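Please read them with the structure open.

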Amino acid sequence: MSNPAATADAPARAAELMEKIKDHTARVGVVGLGYVGLPFAVEKAKVGFRVLGFDRSAARVDQVNAGRNYIGDVRDQDLRDVVLRQGLLAATGDWDRLPEMDVVVICVPTPLTRNLTPDLQYIEAVTSELALRLRPGQLISLESTTYPGTTEEVMQPLLEASGLKEGRDFFLAFSPERVDPGNKRYSTRNTNKVVGASPGASLEAALAFYRQTILKVVPVSSARTAEMVKVFENTFRAVNIALVNELAMLCDRMGLDVWEVLDAAGTKPFGILTFYPGPGVGGHCIPLDPHYLEWKAREFNFNTRFIALAGEINRRMPEFVLEKAMRLLSDHGLGLRGARVLVLGVAYKKDVEDARESPSAEILHQLVRRGAAVSYHDPMVPRFQEHGHDLQSRPLTAQALEEADLVLILTDHTRVDYALVVAHARLLLDTRYATRGVEGGRGKAVLL
Ligand SMILES: NC(=O)c1ccc[n+]([C@@H]2O[C@H](COP(=O)([O-])OP(=O)(O)OC[C@H]3O[C@@H](n4cnc5c(N)ncnc54)[C@H](O)[C@@H]3O)[C@@H](O)[C@H]2O)c1
């Protein structure tokens with residue numbers, strides 16, 4: 001199909017886009033206003049770009065337009081400033097506004113299906129909407145984590161069905177988001193960003209765009225390379241976490257303190273990187289992304305054995321926590337059935353309000369299944385709806401701690417008063433070593 005809007009004047013089109021990017025007059029569209037998209041949209045607006053967020057959730061669109069924040073990593077004041085005071089950020093659910101954009105950044109979810117295969121329905125849905133409205137001169141950049149090949153094999157053909165050609169009429173890149181929710185030191189701006197696209201106009205335009213807000217941008221030679229970089233980073237974490245989780249289970253059996261082992265090993269000034277064990281992995285990335293690579297590798301008749309093993313070990317951790325909880329209760333003449341268990345922390349990691357894929361869900365569910373009376377406290381997650389349970393966070397008081405037969409720390413939020421926990425818990429199982437440094441902690445808490 002040929003598109004009448006396409007002309008042969010590709011260099012001029014690229015040059016025009018570069019000018020708009022450099023003087024910040026380029027209109028920026030951000031599709032998917034979640035943990036990745038909203039901070040990104042705010043960051044771009046803060047340097048003067050006019051940003052329009054697209055989301056299929058009407059509630060999110062309304063919240064953004066009212067300047068009401070719902071993402072922990074965004075400062076309330078920053079959102080209010082760019083939306084209400086400067087009018088640089090707005091949101092919409094109207095796809096027909098896509099052609100107004102010079103740059104479109106896609107930050108939609110990439111979950112797994114029930115069979116642990118990639119579920120690209122969100123990327124495909126957005127790309128199809130874009131293809132219907134694509135106009136010459138636009139830069140499209142995918143930020144969602146996915147397997148190597150998605151941008152070139154899935155998005156590019158859909159977009160080129162418009163009759164426009166990548167690298168000549170429109171520009172296409174993949175630039176993985178590396179945001180670490182809750183991290184106070186590294187934000188979007190000071191986290192190096194990898195950008196992959198075909199050499200030439202697509203790569204140049206994408207590099208210029210990201211350089212406007214990010215201190216160091218790292219170019220790679222293709223979108224597929226950048227996609228591999230991102231899944232490798234998350235696989236690296238999944239595998240190293242699995243390694244220390246396995247060590248924790250072995251140390252438990254050998255009567256060794258895994259935390260003491262890790263602290264001492266971490267003093268080696270080279271050749272070691274300390275990871276910590278825990279009740280399992282959670283969130284939208286570590287438990288899911290390696291399976292994207294595992295799935296793609298099969299196309300090449302290749303088994304990614306580290307990924308499979310890491311997934312197996314990490315998924316075993318909730319069961320190990322339960323076993324350890326039962327042992328602790330039994331050492332004190334108690335059983336899980338009828339025991340009152342107070343869970344501290346249901347978010348998947350410290351200082352975030354995100355409970356997606358949290359190992360706490362499985363642990364809490366198994367505790368209930370085995371007859372325990374479970375309640376929880378999490379200062380970041382007021383309500384927890386998982387595995388058919390619907391619980392409200394209860395206040396953390398001396399009485400609540402004393403009433404519990406077992407207090408089980410699953411997330412080490414900074415805001416929790418661990419001195420209070422150590423002082424009043426009767427039995428305490430600490431899967432994160434959150435009680436490190438608390439007076440009396442070593443005598444009271446049983447560690448993972
Ligand atoms: N959360 C993280 O820490 C993190 C870090 C790095 C990378 N990522 C990756 O970034 C991507 C987005 O993750 P997230 O955590 O921001 O997800 P999220 O669920 O917080 O946000 C996704 C947003 O996209 C919207 N959306 C879904 N389908 C849509 C559609 N068809 N059209 C318009 N909007 C749509 C949703 O309503 C939601 O607001 C994923 O691929 C994820 O793996 C996430």
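Predicted model: local features only at pLDDT ≥ 70, side-chain atom pairs only at ≥ 80, totals over all residues.

1. The residues in question are Ser202, Leu203, Ala205, Ala206, Leu207, Ala208, Phe209 and Tyr210.

2. Helix H12, which spans residues 359-369, also has a set of buried residues, namely Pro359, Ser360, Ala361, Ile363, Leu364, Gln366 and Leu367. After H12 comes Gly371, a residue with a positive phi, near 95°.

3. For helices H6 (residues 150-160) and H8, the fitted axes come within 8 Å and cross at roughly 125°. An angle counts as roughly antiparallel over 145 degrees and as roughly perpendicular from 65 to 115, and H6 and H8 are therefore oblique to each other. The residues that meet are Thr150, Thr151, Glu152 and Glu153 on the H6 side, with Ala223, Arg224 and Glu227 on the H8 side.

4. Helix H8 covers residues 223-254 and includes Leu250, which contributes, together with Met254, Leu256 and Val261, to a nonpolar surface patch of about 360 Å². Why can Leu250 count as partly exposed? Its relative accessible area is 46%, and partly exposed refers to values between the 20% limit for buried and the 50% limit for exposed.

5. Leu420 lies in helix H14, residues 418-424, and is partly exposed, with a relative accessible area of 23%. When its neighbours within four places in sequence are left aside, Leu420 has contacts with Leu396, Thr397, Ala398 and Leu401. Between Leu420 and Arg27, by comparison, the sequence separation is 393 residues and the C-alpha to C-alpha distance is 51 Å.

6. Where is Ser187 placed? Ser187 belongs to the loop that runs between strand S6 (171-174) and strand S7 (193-197), and it counts as partly exposed at 39% relative accessibility. Its C-alpha atom is separated by 35 Å from that of Leu428, a residue 241 residues apart from Ser187 along the chain.

Methods:
Residues numbered from 1 in each chain as written. Heavy atoms only, no water. Patch = residues over 30% accessible without salt bridge, like charges linked within 9 Å, V, L, I, M, F, W, Y side chains within 5 Å. Areas by Shrake-Rupley, 256 points an atom, 1.4 Å probe, with all protein chains shown as cover. Salt bridge = Lys/Arg side-chain N within 4 Å of Asp/Glu carboxyl O. Helix = DSSP H or I, 4+ residues; strand = E, 2+ residues; numbered from the N terminus. Buried < 20%, exposed > 50% of the residue type's maximum accessible area, 1.4 Å probe, protein only. Axes fitted to C-alpha atoms, helices over the stretch in contact; angles between N-to-C directions. Parallel < 35°, antiparallel > 145°, perpendicular 65-115°, else oblique. Contact = heavy atoms within 4.5 Å.
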